[in-house]
Amino acid sequence: MKTIHAIIIFIVLFAAGATHTTAAEEGISWQIEMIPWEKVNGILPKYSKFTVLDVETGKKFKVQRRAGSHHADVQPLDAEETKIMKSIYGGKWSWKRRAIIIINGNQWIAASMHGMPHGGGALKNNFPGHFCIHFYGSTTHRTNYMDLSHKLMILKAAGKLDGYLYKANPYEVISAFMAGLKQQDSKIVQPISLQPLPWNKILPSIENVRLSAMPVLPAEDLTGELSLEVPVEVDWFIKNRGRLHFRGSIYLVRYSQADPWKVDNKRFFKENKLVNE
């Protein structure tokens, strides 16, 4: 399975374009590893340089780790690398998480980045600060647990996202669904959605979303259930509509106890007035 995923990533990443790396150039390993942060912290020490590959676009840019104890604080090496990174985000800096692969010699490591300059920076690169790269087990500055959106992007980069979503309990599915909406990533939301929807029209309108309340029952209490209604409160920020608050339910179904949970996404969006039918 790892080999198949690596071949797919290879095709996506190296199809075309001057900013796309080549196997000969980077000494490619076929295995994408999901290495815990404790080990990565030693593999990529402070001031080490490595290459970042964006999974969706296949674009690459070079960075240097400058700091960070719970994750890596990094900076593009120069102005040209900054330009490439900014193009990955459509020319506008963003806190959105993206699935990436770190190439360090012949080693591929699954990771996640955001695209917002913040804090201090030391390199002459037209990048006002640094940005963060998270690995499996990395935490944010403010918490001692993984940021869910970063976790999902790391799983996506490692080819493990679908497996995680398949086994997720209903509350994990809802949390992943909301995170996928926030990150505007159809590859997260569609596998756990009951119905296909025009994500390319819906997702760009969701500028931000937060699951502000969700009561959680022990997962073992739900073993025999095939449908579930979970009360939630959701805060939205929708393009051209502003802030919205939803208090209602998310409905989930599965076809058997062995099948994965799916969100009745069409009903949820209709109740939030995000789709017309």
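Which helices and strands each supply at least two residues of the lining of the largest pocket? They are strand E5 (94-104), H5, helix H8 (186-189) and strand E8 (206-213).

## Model and conventions

This is a predicted model, in which local features need pLDDT of at least 70, side-chain atom pairs count only at pLDDT 80 or more, and totals for chains, interfaces and linings use all residues. Residues are numbered from 1 along each chain as its sequence is written, and side-chain values use heavy atoms, with hydrogens and water left out.

## Overall make-up

The protein chain holds 10 helices and 11 strands. Helices (H or I, at least four residues) and strands (E, at least two) are DSSP runs, numbered from the N terminus. Of its 277 residues, 48% count as buried. Buried means under 20% relative accessible area, exposed over 50%, and partly exposed in between (1.4 Å probe, protein chains only).

Contact means heavy atoms within 4.5 Å. Among contacts in the protein chain with a separation of 6 or more, 60% join residues 24 or more positions apart.

## The largest pocket

The largest pocket holds about 650 Å³ of space. On a 1 Å grid over the protein atoms alone, a pocket is an open set of points where a 1.4 Å probe fits, with protein on both sides within 12 Å along at least five of seven lines; lining residues have an atom within 4 Å of a point. Grid points are joined across faces, edges and corners, and a volume is the space filled by probe spheres set on the points.

The lining has 23 residues, and Ser-94, Lys-96, Lys-182, Gln-183 and Gln-184 lie nearest the pocket centre. E5 gives the most to this lining, with 6 residues. By class, the lining divides into 7 nonpolar, 5 polar and 11 charged residues. Here Ala, Val, Leu, Ile, Met, Phe, Trp, Tyr, Cys and Pro count as nonpolar, Asp, Glu, Lys and Arg as charged, and the others, Gly among them, as polar.

Gln-184 sits in the loop between H7 and H8. Its phi is near 55°, a positive value in a residue other than glycine. Gln-184 counts as partly exposed, at 32% relative accessibility.

Helix H5 (residues 148-158) has 9 of its 11 residues buried, so it is largely enclosed by the rest of the structure. At its start, a side-chain oxygen of Asp-147 reaches to within 3.2 Å of the backbone nitrogen of Ser-149. Just after H5, Gly-159 takes a positive phi of about 75°.

His-134 lies in strand E7 (residues 131-134). It is buried, with a relative accessible area of 3%. Beyond its neighbours within four places in sequence, His-134 is in contact with residues including His-71, His-150 and Ile-154.

## Nonpolar cores

The largest nonpolar core has 53 residues; Phe-177, Met-178, Leu-181, Trp-236, Phe-268 and Phe-269 have the most contacts inside it. Helix H7 (residues 170-182) gives the most to this core, with 8 residues. A second, separate core of 24 residues includes Val-40, Phe-50, Ile-88 and Ile-102. A nonpolar core is a set of buried Ala, Val, Leu, Ile, Met, Phe, Trp, Tyr and Cys residues joined through side-chain atoms within 4.5 Å.

Ile-174 is found in helix H7. Ile-174 is buried, with a relative accessible area of 0%. Ile-174 and Leu-252 are 78 residues apart in sequence, yet 8.7 Å apart in space, C-alpha to C-alpha.

Terms used:
Polar contact = N/O pair within 3.5 Å; in protein donor to acceptor, adjacent residues only side chain to side chain.
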